[in-house]
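Me: I'd like to learn how to read a protein model. Could you take me through one?

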Amino acid sequence: MTPYEPWTPASVREVAVALFGPTWQTLLADAITEATGLTFTTVRIRHWYLSKNRRPIPGWLQDRLTPIFVEALLAHDRARDIAVRELNLRSPGAHRSIGIE
């Protein structure tokens, strides 16, 4: 088995903000709940960022975060494809003006 870098609070925040935006904690908690069938709240996520009594990201969640993020990334790709298609229908080539191919 190839060793991997574990998810850290900083790496989770960086990817989650990029994928979920400003409400990333709520959307990540919802995605964890959906993926695992376990109720996961934003309170648990916020515990990873406390200055006192900080809690680590649970070991059982380490292997599940990557598939959760991959699914979110795929959803963004699907949304992007839909948006580009609709932009092209209404203004052909408009997406190129903002650097999207």
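Me: Where is glutamine 25 placed?

Reply: Glutamine 25 sits in helix α2. Helices are DSSP runs (H or I, at least four residues), numbered from the N terminus. This is a predicted model, where local features need pLDDT of at least 70, side-chain atom pairs count only at pLDDT 80 or more, and totals for chains, interfaces and linings use all residues. Residues are numbered from 1 along each chain as its sequence is written, and side-chain values use heavy atoms, with hydrogens and water left out.

Me: Is glutamine 25 buried or exposed?

Reply: Buried means under 20% relative accessible area, exposed over 50%, partly exposed in between (1.4 Å probe, protein chains only). Glutamine 25 has 19% relative accessibility, so it counts as buried.

Me: Which residues does glutamine 25 touch?

Reply: Contact means heavy atoms within 4.5 Å. Setting aside residues up to four places away in sequence, glutamine 25 touches Thr42, Ile45, Arg46 and Tyr49.

Me: And which residues of α4 are buried?

Reply: They're Leu61, Gln62, Leu65, Ile68, Phe69, Ala72 and Val84. These buried residues pack against α1 and α2.

Me: Where does α4 have a kink?

Reply: A bend is the angle between axes fitted to the seven residues ending at a residue and the seven starting there. In α4 there's a kink of about 35° at leucine 65, shortly before proline 67.

Me: What does leucine 28 contact?

Reply: Apart from its neighbours within four places in sequence, leucine 28 is in contact with Val12, Ala16, Phe20, Ile45, Leu65, Ile68 and Phe69.

Technical notes. Helix = DSSP H or I, 4+ residues; strand = E, 2+ residues; numbered from the N terminus.
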